[in-house]
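Dear colleague,

I am passing on the structure we spoke about, and I would be grateful if you could look through it alongside the notes that follow.

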Amino acid sequence: MAELKAKTPYETVTGGASGPERMEVTPFVAVEVDPGALTSLAPYKGQAKALSTALEAAHGMGLPKPNRMTGKQSAQALWFGRDMALLIGPAPDASLAAHAAVTDQSDAWSVVELSGPGVDEVLARLVPVDLRGHVFKRGHTARTLVGHMSASVTRTGADSFRIMVFRSMVKTLFRELHHAMIGVSARREAAGAG
Amino acid sequence: MRITCPICGERDIREFTYQGAAVALDRPDPEAGDEAWDHYVHLRENPAGRTRDLWYHSGGCSAWVVVTRDTVTHEVFDTELAEEAKA
């Protein structure tokens, strides 16, 4: 029997490389991460509260409000659009299916962690939402655009973001990020030298 | 122009897709007659001023939004979810 090997979205799209893609432009780093299972939870009409209770019992966090994320490192619920949340990490508990349409999205999205001091300056070149730290805090999320791509952007720390785009677009995402990263990096160098 | 999505908050116009006048919320009765249907399907106002139209938050939360705005000044007066909007 053929031996099947899991590949990251970037590996699949580019047909090359091995292991998760990592791109560094000092002082910024973009790296592909494996978030575990991704499952969309779309509550049936009037079932949002019941779903939130079931989610809390099964995975330890309630349903997130719009533009927010709930949960801990091991299991997170990310607001993912109108009447939809994305369960990140564990496989979904069977009890959730009573209140929501539960759909596996694991292979549909690529997840990239972008970090570095003042990294919001990089995203400011690509995303039409104010992502500065005093406005867009840790645990805040937005469904928005990165360049021309539909994306989910979440702040995971003082100098780090999680960016999700459709799996097929991960190469474009890295290219766009690279362009923005070298731009900001060069400006800082020029300011430092001057 | 910036549009306030009832779910996401104020967002850049790049995130939205324009659909057209909000007449779709006022669909005539199937038996309303040719004139009413002709008007519904083909005839549109083209106001210089206040207008009410449907926008899709395609680059955001995927909600349909009814936007009341001014075509001359680009001022946005009001936004509401299409689901909750009255024709």
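In chain A, ring pairs join A:Phe80, A:Trp109 and A:Phe166 into a cluster, where rings of Phe, Tyr and Trp (its six-membered ring) are taken to pair if their centres lie within 6.5 Å, with planes under 30 degrees apart counted as stacked, over 60 as edge-to-face and the rest as tilted. Please keep in mind that this is a predicted model, in which local features need pLDDT of at least 70 and side-chain atom pairs count only at pLDDT 80 or more, while totals for chains, interfaces and linings use all residues. Residues are numbered from 1 along each chain as its sequence is written, chains are lettered from A and ligands numbered from 1 in the order in which they are written, and side-chain values use heavy atoms, with hydrogens and water left out.

Over all chains, a search of the whole structure gives 7 aromatic pairs. One of them joins A:Trp109 and A:Phe166, whose ring centres are 4.7 Å apart and whose planes stand at 45 degrees, so the pair is tilted. Because A:Trp109 belongs to strand β8 (residues 109-115) and A:Phe166 to strand β11 (residues 160-166), both of chain A, the pair ties together parts that are 57 residues apart in sequence; helices (H or I, at least four residues) and strands (E, at least two) are DSSP runs, numbered from the N terminus. A:Trp109 is buried, at 7% relative accessible area, whereas A:Phe166 is partly exposed, at 33% (buried means under 20%, exposed over 50% and partly exposed in between, with a 1.4 Å probe and protein chains only).

In chain B, B:Trp37 and B:Tyr40 make an edge-to-face pair, with 5.3 Å from centre to centre and 85 degrees between the planes. Both lie in helix α1 (residues 34-42) of chain B, 3 residues apart, or about one turn of the helix; B:Trp37 is partly exposed at 22% relative accessible area, and B:Tyr40 counts as buried at 16%.

A:Arg143 lies over the face of A:Phe80, 4.6 Å from the ring centre, and the charged end of B:Arg50 sits over the ring of B:Phe77, at 4.2 Å from its centre.

Finally, A:Ser185 lies in helix α4 (residues 170-193) of chain A and is buried, with a relative accessible area of 10%.

Best regards

Technical notes:
Lys NZ or Arg CZ within 6 Å of the ring centre and 35° of its normal.
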